[in-house]
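Subject: A structure for you to look at

Hello,

Here is the structure I promised to pass on to you.

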Amino acid sequence: MVKSQLLAIIVVGVGVSCTKSSSSNDTTPSKEESTLVDSIPAQAVSILKQQEISALEKQMIDQGLVDVQEVEPDIRVELKYSKTDNFIKKDVYGELTRAYLQPAIAKKLAKASEILKRNHPDHSLLIYDAARPNSVQYQLWDALDDLKIPARSKTQYVADPRIGSIHNFGCAVDLTVANAEGVPLDMGTPYDFFGPLAYPRMESQLLREGKLTTRQVANRNTLRQAMTQAGFSVNPTEWWHFDGMSRNAAKARYGMIK
Ligand SMILES: [Zn+2]
């Protein structure tokens, strides 16, 4: 584990709220921070880390959210923000590896899984992200500064945390379809690819231009059919994102997950 990650865990673990980075090269700890990191024993770091994990997960359980796999064990989960394999290259979930949703949305997703299995018995839904606490939304938002994304363009990548993403209410899910071996089907772009190639609304044109193959569009349709038949709505610019409810409805019915 690199020191910057370690430091991030410690900072989060002691409950310091996430604020915008004051400088762009803040991946290198200052002399003071290095001393802090070096002086904390590994065991203490582990305890801090566990406290943070339980805080994130406990918060969701306390707010009535459910572990999706407890509702439908056939659904696979691989949270991209719990690894560094994501567009900000940062693990912002720590040890949180389970996907949580509002119970009604988890039930809808179980229905989508059932529809998928009916048509493709050896395929499974594979969740990349589900309920996302608002504190994490701030971390993603702030990480865009490190990527040098201009302030006016930030909402093209991440929903403004002050308004909140539907993920922040536990009513949206990012996912794909995996084959019998658990390997994701080819959807034409990776998860969190920002650009027209990921836009469902551009698929017919991209297909005509040879930028997406018939197979890739068919794979997206497999996912979309299962999701829309279960009552989810499609996002016009992200093939992987589905809403189980509008933001207004989610806001009125559930509080934001802090
Ligand atoms: Zn999403």
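Predicted model: local features only at pLDDT ≥ 70, side-chain atom pairs only at ≥ 80, totals over all residues.

Residue numbers start from 1 along each chain as its sequence is written.

**The sheet**

Five strands form an open sheet with mixed pairing, in the order β2-β4-β5-β7-β6. Strands (E, at least two residues) and helices (H or I, at least four) are DSSP runs numbered from the N terminus, and two strands count as paired if DSSP finds at least two bridges between them. At the edges lie β2 (76–77) and β6 (233–235), each pairing on one side only.

Strands β4 (residues 124–129) and β5 (residues 172–178) run antiparallel and are joined by five bridges; D129 has D174 of β5 as its bridge partner. Helix α8 (residues 214–229) packs on the sheet and touches β5, β6 and β7 (238–243). Contact here means that C-beta atoms, placed from the backbone, lie within 7 Å. The direction of α8 makes about 135° with that of β5, where axes are lines fitted to C-alpha atoms (for helices over the stretch in contact) and angles between N-to-C directions run from 0 to 180 degrees.

Strand β7 pairs antiparallel with β5 over three bridges, with V173 opposite F242. With β6, β7 also pairs antiparallel over three bridges, and S233 stands opposite D243. A hairpin through two residues links β6 to β7. Because five of its six residues are buried, β7 is largely enclosed by the rest of the structure. Buried means 20 or more other C-beta atoms within 10 Å of a residue's own; exposed means 12 or fewer, and partly exposed lies in between.

Leaving aside residues up to four places away in sequence, I127 touches V68, I75, R76, V77, A99, V173 and L175.

**Helix α6**

Among the buried residues of α6 are L140, W141 and L144. After α6 comes K148, whose phi is positive, near 60°.

Enjoy exploring!

Notes. Contact = placed C-beta atoms within 7 Å.
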